[in-house]
Amino acid sequence: MMTDILNMLLLLFLIVCAISVARIRDLLGAVIIFASYSLVMAIVWQQLEAPDIAITEAAIGAGVTSLLFIATISKTRREE
Amino acid sequence: MLSSVSRKLILIAAMAVVFGLFAASLIDLASLYNDATKDYFFEHGFEETGSNNLVTGILLDYRLFDSLFEAGILLVAVSGVIWVSKHDFADKNPNFMIDKYKTPDLFISFARLVYPLLLAFGLYIILNGHLSPGGGFQGGALAATAILILYFIDKNKETDIKRIVTIEKVLYLAIILVALLSLFTRSTAFTNFVAPAAGRQWQVVYLVTLNVLIGLKVAFGLWTIFTAFLKEGR
């Protein structure tokens with residue numbers, strides 16, 4: 001029962017993140033929201049009993065892509 | 001030329017056919033998605049692969065052929081990134097910097113703290129791929145992230161990209177050779193070269209070897225992508 005409520009909250013957070021990452025104008029903020037999306041997605045994978053995918057999601061989604069996006073922003077512009 | 005109305009009608013008819021085929025395929029779903037494979041893996045997987053982590057057992061034994069091409073896709077992606085960025089191989093010293101927005105001191109301090117922990121955790125995941133969740137790819141990605149953090153700490157870090165690419169190709173060849181070893185010992189390609197009869201402690205040798213090779217290959221491949229990416233657009 002408690003885990004159901006937790007899962008619902010996590011999925012709600014994912015939807016809010018997905019909508020706000022498309023609407024926000026500040027690109028650095030968008031990268032940070034995207035990283036938090038990946039982090040929560042990793043928890044959801046763990047809830048679905050797929051720890052291997054959870055580790056991959058945390059390493060690739062929250063780590064590699066965020067750092068590459070930050071590097072891209074530093075080489076171009078911060079505003080959309 | 002067709003009129004726009006008839007074009008839309010053709011589109012609707014085509015979509016109806018596609019959805020009809022999709023609906024027709026749902027009828028046979030029960031026979032398509034049965035539990036035969038799952039039951040087989042649960043019954044025989046632990047003995048045949050010698051791995052405590054069944055996912056690693058499937059990746060490195062039953063589905064090794066798929067895993068090889070998965071590693072090959074990364075090799076092709078690295079070649080594509082290098083071809084797109086087209087920088088000179090002789091060019092050293094990627095001048096990675098945040099020009100307008102300097103890297104915050106807080107980020108650098110935390111990066112120095114996180115770097116050794118992340119590298120150690122990546123190596124831990126690679127070496128324990130047969131015992132705990134994770135494996136070569138996950139551990140390699142973590143180690144590559146640690147190396148990427150190093151670029152944020154040290155702005156004057158030099159990388160000889162040609163040497164990294166060469167090491168990655170050699171590692172990929174080594175993975176294929178280790179996968180083909182079973183052709184000589186067990187006369188079937190792409191499986192564990194130690195027979196299950198030899199015992200789990202010897203089967204683990206193969207699993208750890210292949211996990212370490214795949215982990216190093218993934219780490220070097222992602223490292224190459226970072227370096228090519230950071231040099232680009234200087």
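The lining of the second largest pocket draws at least two residues from each of these: helix H3 (51–75) of chain A, and helix H4 (54–62), helix H5 (64–85), H7 and H10 of chain B. Helices here are DSSP runs of H or I with at least four residues, strands are runs of E with at least two, and both are numbered from the N terminus. A pocket, on a 1 Å grid over the protein atoms alone, is an open set of points where a 1.4 Å probe fits, with protein on both sides within 12 Å along at least five of seven lines; lining residues have an atom within 4 Å of a point.

This is a predicted model, where local features need pLDDT of at least 70, side-chain atom pairs count only at pLDDT 80 or more, and totals for chains, interfaces and linings use all residues. Residues are numbered from 1 along each chain as its sequence is written, chains are lettered from A and ligands numbered from 1 in the order in which they are written, and side-chain values use heavy atoms, without hydrogens and water.

Back to the pocket. Its lining has 20 residues, and nearest the centre lie B:Leu59, B:Glu70, B:Gly136, B:Phe137 and B:Gln138. By type, the lining has nine nonpolar, nine polar and two charged residues. Nonpolar covers Ala, Val, Leu, Ile, Met, Phe, Trp, Tyr, Cys and Pro; charged covers Asp, Glu, Lys and Arg; the others, Gly among them, are polar.

Now chain A by itself. Three helices and zero strands make up its secondary structure, and the pattern along the sequence is α-α-α. Its C-alpha trace spans about 45 × 25 × 10 Å along the principal axes.

Next, the interface. How many residues does each chain give to the contact? Chain B gives 25 and chain A gives 18, with contact meaning heavy atoms within 4.5 Å. Between the two chains there are zero salt bridges, a salt bridge being a side-chain nitrogen of Lys or Arg within 4 Å of a carboxyl oxygen of Asp or Glu. On the chain B side, two or more residues come from each of helix H6 (105–127), helix H7 (136–153) and helix H10 (200–231). H7(B) gives the most, eight residues.
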